[in-house]
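Here are some exercises to work through with the model open beside you. Try each task before reading its solution.

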Amino acid sequence: MKQVVQNYKSGELALLDVPVPGCKPGGVLVRSAYSLISTGTELMKVSEAGMSMVGKARSRPDQVAKVMQSVATNGVPATYRKVMGKLDSYTPLGYSLCGVVEEVGAGVDDVKAGDLVACAGNEHALHAELNWVPKNLYAPVPDGLAPRHAAFGTVGSIALQGVRQGESRLGEVGLVIGLGLIGQLVVQLLTASGVRVVGVDPDPVRCELAERLGAAACGDPASAAVEATVAELTGGHGVDQVYLAAGGGSNEPVELAARLCRDRGRVVDIGKCRLDLPWNAYYEKELDVRFSRSYGPGRYDPEYELEGRDYPIGYVRWTERRNLACFLDLLARGSVDVEPLVSHIADFDDAVETYRSLKDGELKAVAVLFRYPEQAGHAAAPVVAVPAVAVPTASRKPSPVRAARTPVRLAFVGAGNYATSMLLPHLARRDGVELATVVTTTALSAANAQRKIGFAGATTDLDAVLGDKSVDAVFVVTRHSSHAELTRRALLAGKSVFVEKPLALTEDELAGVLAAVEESGNDRLQVGFNRRFAPLLQEAKKQFGARTGPASLRYLVNAGRLQHGSWYLRQGTEGSRFAGEGGHFIDTASWLLEADPVSVYAVAASGNEDLQVVLRYPDGSTATISYVTTGAPGFPKETLDVLADGKVLRLDDFVRASVHGPGKWVSSRLPKARDKGQSAQLAAFVKAVRTGGPMPVPLESLVATTAATLAVRAGLAGGAPVTLAGAR
């Protein structure tokens, strides 16, 4: 299928061929009929992409701060790969469309194939021929409403939420500053609510349009006529509400709002304009400044948007889905008219040229629609699901390892930031490796990985990959909640599996993986515990030498705080932070102590995720892992000490190591880069797959580390040490 994309690094716009997205549970697959270009938001994004690197940095100081923090934590090379990987990727455009349901995912019962729906979301309602849309981001289109009008649903919801934030009442007077697409819709919504509206915009054509759509009067912000009209309509008191629907770097909109608003009036920011509030003006009138967050309550909440958890109507009357349905109803009843806003309708095949014309100013428009092929406006045959791949015959005996083969053909399930910055670069340049296929849930991420890394194919169909006998190994690099199930399926399909940590989030998930090993006889599994492969740590262990007595190991992990909205914080689905990351540190401790733990004791600080985990080993050795989220961000992330037999091994964040004993060994103080062992681990895994030799880490050790990680939760709940059972 085709999708409009942009490369943020180069500014390139393209109509790209990408895989068809799969229809996941909790949503529907929609074939687009019309999608709307947001001439404000999208053109701002297009313009930013055309800036120099310095210009991009100046426009997004928040992102620059994140980059600097990443440098402190991960080093310059890793941060550079991460940043450039993000910049040099195709990103999607679009967030408002109307289309026909082609396939319905499990758990959805309010629409069926052939129904017309309006869709929202900058990850789901894209300028693409097909989109997967979760339940709370679509709404059925009322009978009789034209698809091209329903495509305004998302933008209309943004305007509607802004009006709700203004709490308009019958007989009030509102001022709308900025008469672009959002502003024109706000004018109509206020008029339909019984509010008299004054509009402000430097463009006389837009002012005339707003007056035709119901505004009492409109004019240039510098015009004295606007102030005179406000004085006349309000008896000199000023407007009750001001809606900032303008963009740009000027501070005039907020200054004008203060001048024309009444005492204790409301100022609602809907657009993205400069907000240097003149303190005296806002203080003296005690103005109520409010923000309108996109489509309404539920926006940016992954449990609402992705997991379909609605808010009870008794507590949240207007969610983003209910706003979407409400706006569609207003359109269907004729209370809002979007037809006069349609400046241009372009065929989807002409998308790139349309954006260029808008950016260059050749096409002056309030609203532009993409029209998809004619059949998109009618019910099409449902997408036929590919049959599930047959599971290999169950066997409780280890299956024979196949003969060595070169090149080793690899498939990746998932192509997120970690995969593309920390794993794939090492594999792409390795001899004897062929990157066969990348599988993702979104079409564009698969296409990006194929373009940047060099995969031979890209798809959203996992079953097809698992059924491909030419694929030797499958990498599972997805979100934590899917690791165990994807690993289980890949093992049953007879593949060697490399799964990023964690292997499992619950005891039942771990048991399911082991059951797949038992059933298939396939134990070709590696978990991404890379630190034991770090060259610096391996050299330090060698310098430390053998020990005769028990050891005391201390591991401080200065994990730091996560950015708000990070999927790592979704404990309900993705597990705790330690469940996702703790296996790294337990595996490293066990490797250094050359044994698996026999018990786990954990305590947590009240009110945060700071943990102290004490592991006991068969020979009496102990390992204490301090996992701290409240430390200073500038302090190294990982420091480790091992003490035994009159010797001390010290590791400082994989940049320096030392061993103190009868003699002293100190590593270089100026390493080329912080190497945490990803390259060496991948080399060992590929070698094992190619030769049929043992996996780099025994299965028993992987299971023991996972079981110990899971035992931390049980230990916290019970307040007592947890004794671990055998590895298998």
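**Exercise 1. Glu167.** Is Glu167 buried, partly exposed or exposed, and what is its relative accessible area?

*Solution.* Start with the accessibility: Glu167 has a relative accessible area of 38%, so it is partly exposed. The scale calls a residue buried under 20% relative accessible area, exposed over 50% and partly exposed in between, using a 1.4 Å probe and protein chains only. Next, place Glu167 in the chain: it is found in the loop between α6 and β9 (173–177). Finally, look at its backbone: phi is near 50 degrees, a positive value in a residue other than glycine.

A word on the ground rules before going on. This is a predicted model, in which local features need pLDDT of at least 70 and side-chain atom pairs count only at pLDDT 80 or more, while totals for chains, interfaces and linings use all residues. Residues are numbered from 1 along each chain as its sequence is written, and side-chain values use heavy atoms, with hydrogens and water left out. Helices (H or I, at least four residues) and strands (E, at least two) are DSSP runs, numbered from the N terminus.

**Exercise 2. Glu594.** Find the loop that holds Glu594, then decide whether this residue is buried or exposed.

*Solution.* Glu594 sits in the loop between α22 (577–593) and β24 (599–604). Its relative accessibility is 63%, so Glu594 counts as exposed. Its phi is near 55 degrees, again a positive value in a residue other than glycine.

**Exercise 3. A parallel sheet.** What is the strand order in the open sheet of six strands?

*Solution.* Trace the order as β11-β10-β9-β12-β13-β14, with parallel pairing; two strands pair if DSSP finds at least two bridges between them. The edge strands are β11 and β14 (288–291), each pairing on one side only. From one strand to the next the twist averages 20 degrees. Now zoom in on β9 and β12 (residues 239–244), which pair in the parallel sense over four bridges. Here Val176 has Tyr243 in β12 as its bridge partner.

Beyond residues up to four places away in sequence, Ala217 touches Val197, Val198, Gly199, Glu211 and Thr229; contact means heavy atoms within 4.5 Å.

**Exercise 4. The largest nonpolar core.** Which residues of the largest nonpolar core touch the most other members?

*Solution.* A nonpolar core is a set of buried Ala, Val, Leu, Ile, Met, Phe, Trp, Tyr and Cys residues joined through side-chain atoms within 4.5 Å. Of the 53 residues here, Phe152, Leu181, Leu185, Val186, Phe327 and Leu341 touch the most other members. Among the elements that give two or more residues are α6 (153–166), α7 (181–192) and α13 (320–332). The largest share, seven residues, comes from α7. Take Val186 as an example: apart from neighbours within four places in sequence, Val186 is in contact with Ala159, Val163, Val176, Tyr243 and Ile270. A second, separate core of 40 residues includes Trp591, Leu592, Leu593 and Ala657.

**Exercise 5. A buried strand.** How many of the seven residues of strand β27 (residues 638–644) are buried?

*Solution.* Six of the seven are buried, so β27 is largely enclosed by the rest of the structure. Now find its partners. β23 (residues 552–558) pairs with β27 in the antiparallel sense over six bridges, and Arg554 stands opposite Asp641 in β27. Six bridges also join β27 to β28 (residues 647–652), and these two run antiparallel. There, Val642 has Leu649 in β28 as its bridge partner. β27 and β28 form a hairpin with two residues between them, and Asp645 in the turn has a positive phi of about 55 degrees.

**Exercise 6. A cis bond.** Which residues does a cis peptide bond join?

*Solution.* The bond joins Lys501 and Pro502, with omega about -5 degrees. Pro502 is found in the loop between β21 (496–499) and α19 (507–520).

Key:
Axes fitted to C-alpha atoms, helices over the stretch in contact; angles between N-to-C directions.
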